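I opened my notebook and wanted to see how one model is put together. Here is what I looked up.

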2 protein chains.
Amino acid sequence: MRKGSFCYPYPRPALTTDCVIFGFDEGELKVLLIKRTTDPFRGKWALPGGFVNMDETTEACAKRILIKETGLKGVFIEQLFTLSDLNRDPRERIISVAYYALLKISDYVVTGGEDAAIAQWHGISTVPKLAFDHNKIVKVALDRLRGKVRYVPIGFELLSEKFTLTQLQHLYEAILGASLDKRNFRKKFLKMKLLKPLTEKQEGVAHKAARFHIFDKKKYAELTSKGFNFEI
Amino acid sequence: MRKGSFCYPYPRPALTTDCVIFGFDEGELKVLLIKRTTDPFRGKWALPGGFVNMDETTEACAKRILIKETGLKGVFIEQLFTLSDLNRDPRERIISVAYYALLKISDYVVTGGEDAAIAQWHGISTVPKLAFDHNKIVKVALDRLRGKVRYVPIGFELLSEKFTLTQLQHLYEAILGASLDKRNFRKKFLKMKLLKPLTEKQEGVAHKAARFHIFDKKKYAELTSKGFNFEI
C-alpha cells in the first residue's frame with residue numbers, strides 16, 4: 001500500500017480483521033493461534049489478524065492475513081461479529097471484523113510467517129490469555145459454532161468419509177464441550193435418516209467391531225428442500 | 001464532533017451503521033425506511049443510518065441515529081453483518097455495520113428527523129428500490145430473521161398477551177412469507193407445551209369463537225435449561 005499522509009475532515013478509526021480458525025483432530029476441538037512478534041502484546045498468543053487495505057473487502061483481508069501469518073489457504077470463512085469497544089486496542093481506536101471457520105486439521109499445513117513467529121493449534125479447553133480482546137472473540141465464535149452444529153450438519157466434513165456412530169458422537173461432544181447420552185444421540189440421528197449404514201466394519205479393534213456409516217448428502221439436500229430441519 | 005484535519009500514514013475507510021427495523025402490524029411484516037434529504041440518493045428511500053463517532057460503539061451509533069432519523073427509542077437491536085464491498089457507496093470507501101430488530105409497531109411512535117424528511121413503515125413485499133446496497137441489507141436481515149423465528153420464540157412479543165392459534169399462525173406466515181399447514185403448525189406448537197390455553201374465548205366474531213392462549217415464559221425457561229430446543 002502507498003505510504004503518505006491521508007487526511008480527513010473527521011477522525012476515523014482504523015479497521016482490522018481477526019480470524020478464529022477451529023480445527024478438529026484426534027477427538028479434540030482446537031483453535032489456531034499465532035505468537036506476536038510486534039508491539040503491543042509482543043510475545044503473546046493472539047488470533048491471526050491485521051489491517052484492511054483500501055482495495056480489498058474485509059473477507060479478502062482476513063484470508064490474505066491468514067495465509068501470511070499461518071500459511072492456511074483455501075479456507076471457507078464466515079463473518080462472525082464486528083468489535084467496536086472504545087478501548088479494545090491500546091494503540092488507538094481500532095474496529096475489528098471477526099471471521100470464523102471450522103476445518104479438519106489433517107487436511108491443512110500450518111506454518112508461522114510475517115508478524116507471527118509461530119502458528120500453532122491449541123486445545124479449546126487450554127487456550128492461554130490472549131492479546132487484545134481475543135479471548136472474548138474466541139468465546140463468541142465458540143458459542144456461534146455450538147449453536148450452528150445443532151441445526152446444520154457441518155460436522156461431517158471433519159470425519160473420514162466412513163465413520164462409526166461412536167466417532168460421530170465424539171465429534172459432537174468435542175464441539176459442544178459436553179457429554180451426550182448415547183441412546184438419545186443415536187435415536188435422534190437415525191430418526192433423521194441421513195446416515196447410510198455400510199456392511200463394512202472397523203478392523204483390528206480390541207472391542208466389538210462397530211459398523212461404518214456414511215452421511216447421505218443427497219438425502220439431506222432432498223429433505224432440506226422439503227422444509228426438513230436438521231436438529232441434534 | 002470536533003472538525004479539523006485528521007491525518008494518518010495509511011488511508012482509512014469511513015465507518016457507518018445502518019438499521020433494518022422490522023415491525024409487525026395487523027398481520028403484515030413491515031420495514032422502517034427514511035426518505036433521504038441529502039446527496040447521494042437525495043429523495044430516495046433508505047435504511048436509517050449514518051457515520052460512527054470516535055467516542056461511541058457501533059451499537060451506540062446505530063441507536064443514536066435511529067432516534068435522530070426516526071424517533072424510535074429503546075429498541076433492542078442485534079448486530080447483523082458488516083458490509084465492505086469496494087464500491088458500495090458512490091462517495092468513497094465506506095464500511096457499514098448493519099443492525100436489525102423486530103418490534104410491534106403499535107408500541108412505538110415513528111417520526112421523521114434530521115437528514116430524513118419522512119420515516120415510514122413499508123410492507124416487506126412492497127419495499128421500493130433503495131439507496132446504496134440497502135435492498136441487499138434488507139434481504140440479509142430478512143433471511144436472518146426467518147432463520148431465527150424457527151428456533152427462538154421471538155414472535156410472542158409481537159402479539160397481544162392473549163392470542164388465538166390462528167393469530168399465532170398468521171404471525172409466523174407473515175414473517176416467513178409462506179403459508180403453513182394449519183394442522184402441522186398446531187401439532188408442532190402443542191407438542192412443545194409452551195402455550196397455556198385459557199377458558200376465555202374471542203368475542204364478537206362472525207365465525208366460531210376461538211380460544212385464547214398465552215405463551216408460558218416460565219415453562220420455556222425451564223425447558224431450555226434442560227436442553228430443550230424450540231423448533232417450528
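My entries follow, topic by topic.

**Ground rules**

I noted that this is a predicted model, where local features need pLDDT of at least 70, side-chain atom pairs count only at pLDDT 80 or more, and totals for chains, interfaces and linings use all residues. Residues are numbered from 1 along each chain as its sequence is written, chains are lettered from A and ligands numbered from 1 in the order in which they are written, and side-chain values use heavy atoms, with hydrogens and water left out.

**Chain A as a whole**

I began with the elements and found 5 helices and 10 strands in chain A. Helices (H or I, at least four residues) and strands (E, at least two) are DSSP runs, numbered from the N terminus. The C-alpha trace of chain A spans about 70 × 40 × 25 Å along its principal axes.

How much of chain A is buried? Of its 232 residues, 47% are. Buried means under 20% relative accessible area, exposed means over 50%, and partly exposed is in between (1.4 Å probe, protein chains only).

I also looked at contacts, meaning heavy atoms within 4.5 Å. Among contacts in chain A with a separation of 6 or more, 66% join residues 24 or more positions apart.

**Helix α4 of chain A**

Which residues of α4(A) are buried? In this helix, residues 182–192, they are F185(A), F189(A) and M192(A). They cover an arc of only 60 degrees around the axis, so they sit on the same side of α4(A). The arc is that of the directions from the helix axis to the C-beta atoms. On the other side of α4(A), I found R183(A), K187(A) and K191(A) exposed. The cover over the buried residues includes α3 (165–176), β9 (195–201) and α5 (217–225) of chain A. After α4(A) comes K193(A), with a positive phi near 55 degrees.

**Helix against helix**

Two packed helices are described by the angle between their axes and the distance between the axes. Axes are lines fitted to C-alpha atoms, for helices over the stretch in contact, and angles run from 0 to 180 degrees between N-to-C directions.

I took α3(A) and α4(A) next. They pack at about 105 degrees, with axes 11 Å apart. That is why α3(A) is roughly perpendicular to α4(A). Angles under 35 degrees count as roughly parallel, over 145 as roughly antiparallel, 65 to 115 as roughly perpendicular and the rest as oblique. From α3(A), the contact uses L165(A), T166(A), L168(A), Q169(A) and Y172(A); from α4(A), it uses K182(A), F185(A), R186(A) and F189(A). By class, these are 5 nonpolar, 2 polar and 2 charged residues. Ala, Val, Leu, Ile, Met, Phe, Trp, Tyr, Cys and Pro count as nonpolar, Asp, Glu, Lys and Arg as charged, and the others, Gly among them, as polar.

L142(B), L145(B), R146(B) and V149(B) of α2(B) meet Y172(B), I175(B) and L176(B) of α3(B). This contact has 6 nonpolar residues, no polar ones and 1 charged.

Is I232(A) buried or exposed? I232(A) is buried, because its relative accessibility is 5%. I found I232(A) in the segment after α5 of chain A. The C-alpha atoms of I232(A) and R150(A) are separated by 4.9 Å, though the two are 82 residues apart along the chain. Leaving aside neighbours within four places in sequence, the contacts of I232(A) include F185(A), F189(A), M192(A) and N229(B).

L86(A) lies in the loop between β6 (78–83) and β7 (94–104) of chain A. L86(A) is partly exposed, at 34% relative accessible area. With neighbours within four places left aside, L86(A) touches R93(A), M54(B), D55(B), E56(B) and T57(B).

Which residues does a cis peptide bond join in chain A? They are D39(A) and P40(A), with omega about -10 degrees. P40(A) sits in the loop between β3 (28–36) and β4 (45–46) of chain A. In chain B, a cis peptide bond joins D39(B) and P40(B), with omega about -10 degrees.

F41(A) is also in the loop between β3 and β4 of chain A. F41(A) is not a glycine, yet its phi is positive, near 60 degrees.
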